Amino acid sequence: MIKGQLNIIDFGIACSLGNSKDDIWRNLLSNGPMTNCEHNDINYISSLALEPVAPAIEEAISKFGKTRVAVLCGTCYKGSNVAVNALRVYRETGKFPHDCTLETLQTDYPAQFIAKKFGLEGMVLSHSTACASSISAIISARKLLEAGLCDAAIVGGTDVISDSIMLGFTALEAVSPGICNPFSANRSGIKLGEGAAFFLITNEDEFSSEYKITGLGESADAVHMTAPSESGEGAKIAMTLALADAGLKPEDIDYLNLHGTGTMLNDAMESKAVSSIFSEALPVSSTKPLTGHTLGAAGAVELAFCCLALSQRNTEKFLPPHLWDGVFDPSLPRLNFVLKGGKCSKLKRCMSNSFAFGGYNACVIVEGS
């Protein structure tokens with residue numbers, strides 16, 4: 001195993017496009033159907049995403065032991081749905097509901113659920129670096145693996161829409177009234193979504209792997225609590241570090257999954273950052289119009305889309321399409337957005353961007369076998 005590389009033993013995903021890899025890939029390419037995902041229960045969504053990975057997880061536990069498989073989960077979830085409901089019940093009855101406990105209000109609640117689900121007794125960490133949380137979790141998992149603190153790790157992210165999150169983004173005037181329209185001159189904000197994606201990873205060679213994470217990069221520009229750096233410098237640094245980590249040049253990347261939220265500021269800075277590194281010919285797309293912005297799960301969900309593109313099911317080398325109105329913003333650098341049915345002649349390496357509140361930027365590169 002090359003130092004720094006991570007084997008993806010298996011992965012699972014649940015989002016508005018479906019719960020199985022085949023359904024999601026088919027719906028991703030055909031721009032639908034899109035649903036409202038699950039029923040606002042974060043552990044239920046996590047369970048759906050973990051179901052196809054469960055056999056591999058059990059095999060890893062059998063091989064390495066319950067203390068040697070770590071859990072690192074990225075999420076923005078703070079139990080706000082439970083808290084708001086509990087407050088409403090308290091105001092009506094003078095008592096909190098029995099199912100409202102400190103455990104359900106903690107950020108590590110989704111991570112602890114996964115550990116308990118598989119009877120794990122090793123390290124359990126929660127990452128809450130806003131919309132890049134799940135890539136942040138993968139970066140930390142690699143450090144644990146390299147330090148010998150675990151032999152395998154369940155990594156990824158999960159998030160659901162809550163009233164408080166919806167109100168918060170509405171207060172920022174950042175929510176689109178319809179499907180988000182990334183990089184368009186007519187873009188008006190994000191559309192929130194729900195989803196989860198989890199990967200079982202290791203730096204051991206004992207497991208066969210169809211995909212490898214070869215490059216990771218992160219930066220923090222800390223320009224503003226919610227707005228990104230207008231220059232795109234922080235995003236550029238994260239992408240540059242990921243390329244250097246993988247030992248690659250920009251021309252070695254075959255497809256880039258953009259963070260592409262559909263907000264004025266994010267799309268502007270990301271297009272500047274991307275065009276400063278890559279050729280205009282690089283195929284790019286934002287898949288958030290098809291999933292909504294799944295917040296802390298977004299990085300993992302979009303990494304899963306990259307893996308699906310690199311998988312053996314994609315024999316014709318189709319790429320995830322960029323769903324928008326096609327109206328270019330003349331103030332932005334020109335990017336090569338993937339049309340529906342778009343494909344490429346070579347598809348070996350994909351990059352995915354995740355940018356977050358507070359100026360945290362993360363980038364991941366995945367390579368097919």
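Student: Which residues is Ser 285 in contact with, leaving aside its neighbours within four places in sequence?

Tutor: In this predicted model, Ser 285 is in contact with Tyr 255, Leu 256, Asn 257, Leu 258, Pro 320, Pro 321, His 322 and Val 338, once those sequence neighbours are set aside. As for its place in the chain, Ser 285 sits in strand 8, residues 283–285.

Student: What does the side chain of Ser 285 have a polar atom 2.8 Å from?

Tutor: That's the backbone oxygen of Pro 320.

Student: Is Ser 285 buried or exposed?

Tutor: The cut-off for buried is under 20% relative accessible area. Ser 285 has 0%, so we call it buried.

Student: And Glu 51, buried or exposed?

Tutor: Here you need the other cut-off, over 50% for exposed. Glu 51 comes out at 55%, so it counts as exposed. You'll find Glu 51 in the loop between helix 2 (42–50) and helix 3 (54–64).

Student: Okay, pockets next. How do I read the largest pocket?

Tutor: Rolling a probe the size of a water molecule over the atoms shows where empty space is left. In this model, the largest pocket holds about 410 Å³ of space.

Student: What lines the largest pocket?

Tutor: There are 26 lining residues, and Thr 226, Pro 228, Thr 263, Asn 266 and Phe 357 lie nearest the centre. Helix 9 (residues 264–277) gives the largest share, four residues. By type, the lining has 13 nonpolar, 11 polar and two charged residues.

Conventions. Residues are numbered from 1 along each chain as its sequence is written. This is a predicted model: local features need pLDDT of at least 70, side-chain atom pairs count only at pLDDT 80 or more; totals for chains, interfaces and linings use all residues. Side-chain values use heavy atoms; hydrogens and water are left out. On a 1 Å grid over the protein atoms alone, a cavity is a set of points where a 1.4 Å probe fits but cannot get out, and a pocket is an open set with protein on both sides within 12 Å along at least five of seven lines; lining residues have an atom within 4 Å of a point. Grid points are joined across faces, edges and corners, and a volume is the space filled by probe spheres set on the points. Helices (H or I, at least four residues) and strands (E, at least two) are DSSP runs, numbered from the N terminus. Ala, Val, Leu, Ile, Met, Phe, Trp, Tyr, Cys and Pro count as nonpolar, Asp, Glu, Lys and Arg as charged, and the others, Gly among them, as polar. Buried means under 20% relative accessible area, exposed over 50%, partly exposed in between (1.4 Å probe, protein chains only). A polar contact is a pair of N or O atoms within 3.5 Å; within protein, one must be able to donate a hydrogen and the other to accept it, and residues adjacent in sequence count only if both atoms are side-chain atoms. Contact means heavy atoms within 4.5 Å.
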